[in-house]
Amino acid sequence: MSIHPLPPPKEPTGLGRLPVARWFLAIGLVAGVVLLAGIVVAMMMSSRARALAKAPAVEAQLDQLNVALIVLFAVMLAFVAALAFIIRYAVLKPVDQLTQQVRKVAAGDFDHTLHVDRPAELAELSSHVDSMRGRIVSAWRVAADQAEELRRSNGELEQFAYVASHDLQEPLRKVASFTQMLEQRYGHQLDDRAKQYIHYAVDGAKRMQLLINDLLDFSRVGRVTGEKTAIDSDAALDSALENLSATIEDTEATVTRDELPKVRANRLQLAQLFQNLIENAIKFRSEEPPRIHIGVSRSGDMWEFSCSDNGIGVEPKYADRIFLIFQRLHPRDVYPGTGIGLALCRKIVEYHGGQLWLDGGAEGQGATFRWTLPAAGDDDE
């Protein structure tokens with residue numbers, strides 16, 4: 001198996017730039033020079049002592065000292081050679097082997113086995129690293145299989161969306177249309193109960209169409225919309241208010257705002273987010289005309305938005321339930337809708353890397369929803 005290679009390693013700094021072999025070589029050369037200098041100095045001192053002392057016994061002792069120094073130097077050289085051999089074949093060569101194996105894995109060959117026989121510490125280290133490599137490869141294969149299954153599932157979902165938007169809605173339109181034509185043509189022959197049944201059939205077909213459209217919007221988030229770019233939140237809010245202009249005028253609603261920033265988002269989805277939250281605030285209004293305020297504040301590298309209203313509010317115990325798809329707190333005949341609006345809002349926010357929640361501790365009447373969106377960086381500007 002070969003996958004994308006890992007990024008290049010960080011360059012070492014300071015004394016760490018020198019390989020271990022060069023460190024051993026440098027230390028060995030210094031030790032050898034010091035030892036040789038010591039031998040030379042000792043022999044020079046021995047020569048001077050021999051010149052000063054003419055006694056045969058002293059000369060014999062000095063000769064023995066020279067021989068001892070030469071033997072000591074030869075033994076030290078043998079130990080240094082043996083130590084160099086051991087370091088070369090027991091440390092440096094296994095480290096080089098492990099380094100070459102790791103480089104192959106880092107280059108993308110994740111099936112390459114990591115193993116050295118010596119020394120015991122490096123053998124244990126290579127065993128642990130290879131075990132970790134095996135677990136990573138296994139997890140990657142599972143993730144690859146899941147990604148393939150997800151792509152297949154998304155393909156089926158797109159096919160379903162196409163069928164839902166065309167094949168399923170056409171029969172619903174026919175049911176609603178021909179039922180209404182039936183009422184228009186034969187209405188004088190029908191009693192009130194029959195007309196009520198016709199009304200139920202038409203209303204059910206229209207609600208099914210609305211439900212299908214909302215499900216399509218919910219399924220499209222993150223799949224068929226455009227890319228996220230730096231956009232002006234004010235422009236997205238203006239677009240949402242323009243779409244709700246008739247509703248705002250009929251309910252005498254007032255929408256105020258802070259100075260909104262630029263965020264990294266999808267323009268259509270951000271406008272849809274504003275539109276759904278404002279429309280929700282207008283729908284669940286109190287007896288007073290709706291007053292809605294869109295606020296914003298900075299929170300690290302995110303902007304925290306808020307949508308506050310003076311409506312009927314939401315009890316804190318329902319703070320999680322209201323974001324579930326198809327969940328309703330009120331009867332459909334009192335507050336119409338499909339129960340997808342807030343679930344769609346949360347999915348849009350989470351697609352952009354933020355969070356959406358109900359502010360249960362907000363002061364005053366009504367409800368306050370808060371959500372975060374990533375701020376537009378300098379590169380986006």
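A residue counts as buried when its relative accessible area is under 20%, and as exposed when that area is over 50%. Keep these cut-offs in mind at each stop. The model is predicted.

**The whole chain**

Show the protein chain as a cartoon. Its secondary structure comes to eight helices and seven strands. The chain has 381 residues, and buried residues make up 28% of them. Now think about contacts between residues at least 6 apart in sequence: 67% of these join residues at least 24 apart.

**Ser-126 in H3**

Select residues 120–186. This is helix H3, and Ser-126 sits in it. Is Ser-126 buried or exposed? Its relative accessible area is 0%, so Ser-126 is buried. Show its side chain. A polar atom there lies 2.8 Å from the backbone oxygen of Ala-123.

**Ala-205 in H4**

Move on to residues 192–220, which form helix H4, and pick out Ala-205. Ala-205 is buried, at a relative accessible area of 4%. Which residues does Ala-205 touch, leaving out those up to four places away in sequence? They are Leu-172, Val-175 and Ala-176. Then draw a distance from Ala-205 to Lys-174. The two are 31 residues apart in sequence, yet 9.2 Å apart in space, C-alpha to C-alpha.

**One face of H5**

Select residues 233–243 for helix H5. Colour its buried residues: Ser-233, Asp-234, Ala-236, Leu-237, Ala-240 and Leu-241. Turn the view to look down the axis of H5. The buried residues fall within an arc of 160 degrees, so they line one face of the helix. Now go to the start of H5 and show Asp-232. A side-chain oxygen of Asp-232 comes to within 3.1 Å of the backbone nitrogen of Asp-234.

**Glu-252 in a loop**

Find helix H6 (245–251) and strand S2 (254–257). Glu-252 is in the loop between them. Check its backbone: phi is positive, about 55 degrees, although Glu-252 is not a glycine. Glu-252 has a relative accessible area of 56%, so this residue is exposed.

**H7 against H8**

Two packed helices are described by the angle between their axes and the distance between the axes. Select helix H7 (residues 267–283) and helix H8 (residues 341–351). They pack at an angle of about 145 degrees, and their axes are 10 Å apart. The crossing of H7 and H8 is left-handed. Show the side chains where they meet:

- From H7, Gln-269, Gln-272, Leu-273, Asn-276, Leu-277 and Asn-280 take part.
- From H8, the partners are Gly-341, Leu-342, Leu-344, Cys-345, Ile-348, Val-349 and Tyr-351.

**Two cysteines**

A disulfide is a covalent bond between the sulfur atoms of two cysteines. The rule for a disulfide here is a pair of cysteine sulfur atoms within 2.5 Å. How many disulfides does this rule give? The count is zero. Cys-307 is in no disulfide, and its nearest cysteine sulfur, that of Cys-345, is 9.2 Å away. Cys-345 is in no disulfide either, with the sulfur of Cys-307 as its nearest. Cys-307 is buried, with a relative accessible area of 1%. Cys-345 has 1% relative accessibility, which is under 20%, so Cys-345 counts as buried too.

Terms used
Residues are numbered from 1 along each chain as its sequence is written. This is a predicted model: local features need pLDDT of at least 70, side-chain atom pairs count only at pLDDT 80 or more; totals for chains, interfaces and linings use all residues. Side-chain values use heavy atoms; hydrogens and water are left out. Buried means under 20% relative accessible area, exposed over 50%, partly exposed in between (1.4 Å probe, protein chains only). Helices (H or I, at least four residues) and strands (E, at least two) are DSSP runs, numbered from the N terminus. The arc is that of the directions from the helix axis to the C-beta atoms. A polar contact is a pair of N or O atoms within 3.5 Å; within protein, one must be able to donate a hydrogen and the other to accept it, and residues adjacent in sequence count only if both atoms are side-chain atoms. Axes are lines fitted to C-alpha atoms, for helices over the stretch in contact, and angles run from 0 to 180 degrees between N-to-C directions. A crossing is left-handed if the near helix is turned anticlockwise from the far one by less than a right angle, and right-handed if clockwise. Contact means heavy atoms within 4.5 Å.
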